[in-house]
Amino acid sequence: MALSKQDDTDTVVLPGEEPKDELLCLTPPVQSKTSTGRTLNEKEMEKLTGDQTLVSDFKQMKLEKEAQKNWDLFYKRNTTNFFKDRHWTTREFEELKVCLEFEAQRLVLLEAGCGVGNCIFPLLEEDLNIFVYACDFSPRAVEFVKQHSLYCTERCSAFQCDLTKDDLRCNVPVGSVDVATLIFVLSAIHPDKMQQALDNIYRVLKPGGVILFRDYGLYDHAMMRFKAGNKLGENFYVRQDGTRSYFFSKELLADLFRGVGFESVTNEYVLRETVNKKEGLCVPRVFLQSKFRRPDQLQGS
């Protein structure tokens with residue numbers, strides 16, 4: 001097992017999570033990658049099986065209608081101070097380092113769901129030979145990206161986009177993207193619309209281009225903390241601020257990507273266990289980290 005630099009800290013905010021869901025005085029977590037997910041104990045299983053009451057259809061429709069508004073309010077409240085910069089991406093995904101190995105090769109990156117730029121600006125700070133298309137559901141988040149000191153139109157193009165209905169080809173040339181990232185993004189989309197978002201990205205990827213994926217895995221600590229009354233559907237929940245989160249099994253994730261035409265390269269769980277010795281608490285985190293590839297033209301798509 002390897003220590004993740006991303007978590008080599010005692011700060012309380014982890015990517016994709018709310019501060020109130022984290023614990024203070026945490027020892028640095030250790031992570032392992034595995035083909036099998038987390039097994040629940042008897043008490044946890046009883047909690048999940050006992051929570052079968054779903055949020056009303058009326059409220060669910062309201063949440064879907066106001067999804068953009070809720071994320072925009074999230075960034076209004078938290079500005080750029082919520083998520084930590086993701087300095088771990090080049091370590092976890094070698095595709096982002098290809099432009100270091102071949103100086104003449106410029107990497108074209110799409111960050112789908114860029115937030116305020118916590119992923120792209122560490123890459124630009126490393127002075128990688130990349131051009132970044134960055135889009136987000138929230139207009140406010142996009143404005144924060146454009147206001148960043150490292151943002152310049154020669155290296156970045158940021159724009160607002162609803163991946164489930166706005167055609168990326170209006171802002172990104174067809175077949176121009178080498179690598180797309182989906183990091184704690186797909187989980188925020190209604191399950192019925194996830195394939196639409198993936199198909200949108202598929203159209204702007206080059207043949208042989210890849211999607212780098214990291215998101216919540218089934219039975220993650222955040223999923224187990226939801227109380228009764230927050231369930232929208234199977235493995236799908238709503239937070240107090242109206243934003244939503246889905247928790248993936250690797251089988252369902254593979255089916256989603258395969259349904260659009262992607263090939264699976266890697267698809268595995270990342271299991272982490274963070275211990276608060278002072279409080280005697282253990283926080284089991286479960287993420288999915290995966291790569292999916294658009295087939296070459298010769299293979300069809």
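This note goes through a predicted model of one protein chain, point by point.

1. Basis of the values. The model is predicted, so local features need pLDDT of at least 70 and side-chain atom pairs count only at pLDDT 80 or more, while totals for chains, interfaces and linings use all residues. Residues are numbered from 1 along each chain as its sequence is written, and side-chain values use heavy atoms, with hydrogens and water left out.

2. Confidence. The mean pLDDT of the protein chain is 83, and 81% of its residues reach 70 or more; pLDDT is the predictor's confidence in each residue, from 0 to 100. Over residues 1-26 the pLDDT stays under 50. For that stretch the model has 70 contacts beyond four places in sequence, a contact being heavy atoms within 4.5 Å.

3. Overall make-up. The protein chain has ten helices and twelve strands. These are DSSP runs numbered from the N terminus: helices are H or I with at least four residues, and strands are E with at least two. Of the 301 residues in the chain, 55% are buried. Buried means under 20% relative accessible area, exposed means over 50%, and partly exposed lies in between (1.4 Å probe, protein chains only). The accessible surface of the chain comes to about 14200 Å², and 50% of this belongs to carbon and sulfur atoms; the areas come from the Shrake-Rupley method with a 1.4 Å probe, and for residues only the protein chains shown count as cover. Among contacts between residues at least 6 apart in sequence, 75% join residues at least 24 apart.

4. Partners of strand 4. Strand 3 (residues 107-112) pairs with strand 4 in the parallel sense over six bridges; two strands pair if DSSP finds at least two bridges between them. In this pairing leucine 107 stands opposite isoleucine 130. Strand 4 is also joined to strand 5 by five bridges, and these two run parallel. Here aspartate 136 stands opposite glutamine 160 of strand 5.

5. Threonine 164 lies in the loop between strand 5 (156-160) and strand 6 (177-183). Its relative accessible area is 13%, so threonine 164 is buried. Leaving aside neighbours within four places in sequence, threonine 164 is in contact with Ile189, Lys193 and Gln196. Its side chain also makes a polar contact of 2.7 Å with the side chain of aspartate 162. A polar contact is a pair of N or O atoms within 3.5 Å; within protein, one must be able to donate a hydrogen and the other to accept it, and residues adjacent in sequence count only if both atoms are side-chain atoms.

6. Lysine 206. This residue is found in strand 7. Lysine 206 counts as partly exposed because its relative accessibility is 30%. Not counting residues up to four places away in sequence, lysine 206 touches Gly175, Ser176, Val177, Asp178 and Arg294. With aspartate 178, lysine 206 makes a side-chain to side-chain polar contact of 2.9 Å.

7. Strand 9 (residues 236-238) is joined to strand 10 by three bridges, and phenylalanine 236 stands opposite tyrosine 246 in strand 10.

8. Positive phi values. Most residues other than glycine have a negative phi, and most peptide bonds are trans. Asparagine 235, which is not a glycine, has a positive phi of about 65 degrees. Asparagine 235 lies in the loop between strand 8 and strand 9 and, at 16% relative accessibility, counts as buried. Tyrosine 219 also has a positive phi, near 70 degrees. Tyrosine 219 is in the loop between strand 7 (205-216) and helix 9 (221-224), and its relative accessibility of 21% makes it partly exposed.
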